[in-house]
Amino acid sequence: MEKTIIAANWKSNKTKNEAKNWLEKISLKDFSSSLEIIVFPPFTLLDFVSDFVKSNKLPISVGAQNVSPFEMGPYTGEISASQLREFVSYVLIGHSERRSHFGETNSLVRQKTERVISEGLTPIVCAYELSQLEDVVKSEIVVAYEPLEAIGSGRPENPAVVNDFGKRLREKFNWPVLYGGSISPDNIKSYLNLENISGLLVGGQSLDENSFMRIIENAS
Ligand code: PGA
C-alpha cells in the first residue's frame, strides 16, 4: 500500500531552538507506519534537522523548500540539488509564494525539477492550475495542488474540487497528488478520504508541534 504523505512546510519560520523543541516533542509520538511524514525546514536548519532525525532514528523524511536551477558553481546565494542531497530526499518546487514574490515561471520550475530528478531526489511540484504543469518533465514527480485563495486563509478548497483536480492529473500523468491550503487537525479527514489525493502539505498548522501532532493522529 502506498503511504499517505503528511508534509510540514515551515516556510520562512523557526530558529534552531524552536526547531529543537518541535523535534523533541514530535519524537515522543508514535507514528503510524502508513504515513510518510516529511518536514521542510528553511535552509538554515537543514543540517540540524536532518542530523536530529538520523541520530534519533525518527521515521521522518526531510525536504528543502527551494533549489537552484543550476548545478553547483558561481551562483551567489543559490543552493544546488547536489548540495541538498546530503540532507534531504524531497524538494518543494514552484510554491505559489515563490511564483508570486520571486517571479518563478513554469520554465524555471521545469529546470529546477530536472535538476532535482537528476540528483535522485523527489520533487514536489506545487501548482494551482493544471496549465502550470504542462511544461514540467513527465517523469516521476509528486504534485501539490494548492489553490491560491486557500493558502493561509483558513478557507480550504472544497474537497470535491480538490478530488477532481487529483482525478484529472492522475488520468493524464498518474502522479500522486497532495492537497495544501488551510489544512488543520479538524478538517484533515475530509481531504485524506478523497480517492485521488495521496496526502497533504501543511503550512501554518505545522509550525506548532501540538497541532501538527494532532494532524498526524487524525491521519493515522
Ligand atoms: P497553509 O499553507 O497550510 O498555511 O495554508 C500551505 C502551504 O502554503 O504549503
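**Ligand site and pockets**

An oxygen atom of the ligand lies 2.8 Å from a polar backbone atom of G204. The protein covers 95% of the 280 Å² of accessible area that the ligand has on its own (Shrake-Rupley method, 1.4 Å probe). The model is predicted: local features need pLDDT of at least 70, side-chain atom pairs count only at pLDDT 80 or more, and totals for chains, interfaces and linings use all residues. Residues are numbered from 1 along each chain as its sequence is written, and side-chain values use heavy atoms, without hydrogens and water.

In total, 13 residues surround the ligand (a heavy atom within 4 Å). The closest are K11, H95, E146, G152 and S182.

The ligand takes up the space of the second largest pocket. A pocket is an open set of points on a 1 Å grid over the protein atoms alone, where a 1.4 Å probe fits, with protein on both sides within 12 Å along at least five of seven lines; lining residues have an atom within 4 Å of a point. A molecule sits in a pocket if more than half of its atoms lie within 2 Å of its grid points. The second largest pocket is lined by 17 residues. Nearest its centre lie K11, G152, S182, G203 and G204.

The largest pocket is lined by 13 residues. Those closest to its centre are K11, S12, Q65, E97 and R98.

Note on methods. Polar contact = N/O pair within 3.5 Å; in protein donor to acceptor, adjacent residues only side chain to side chain.
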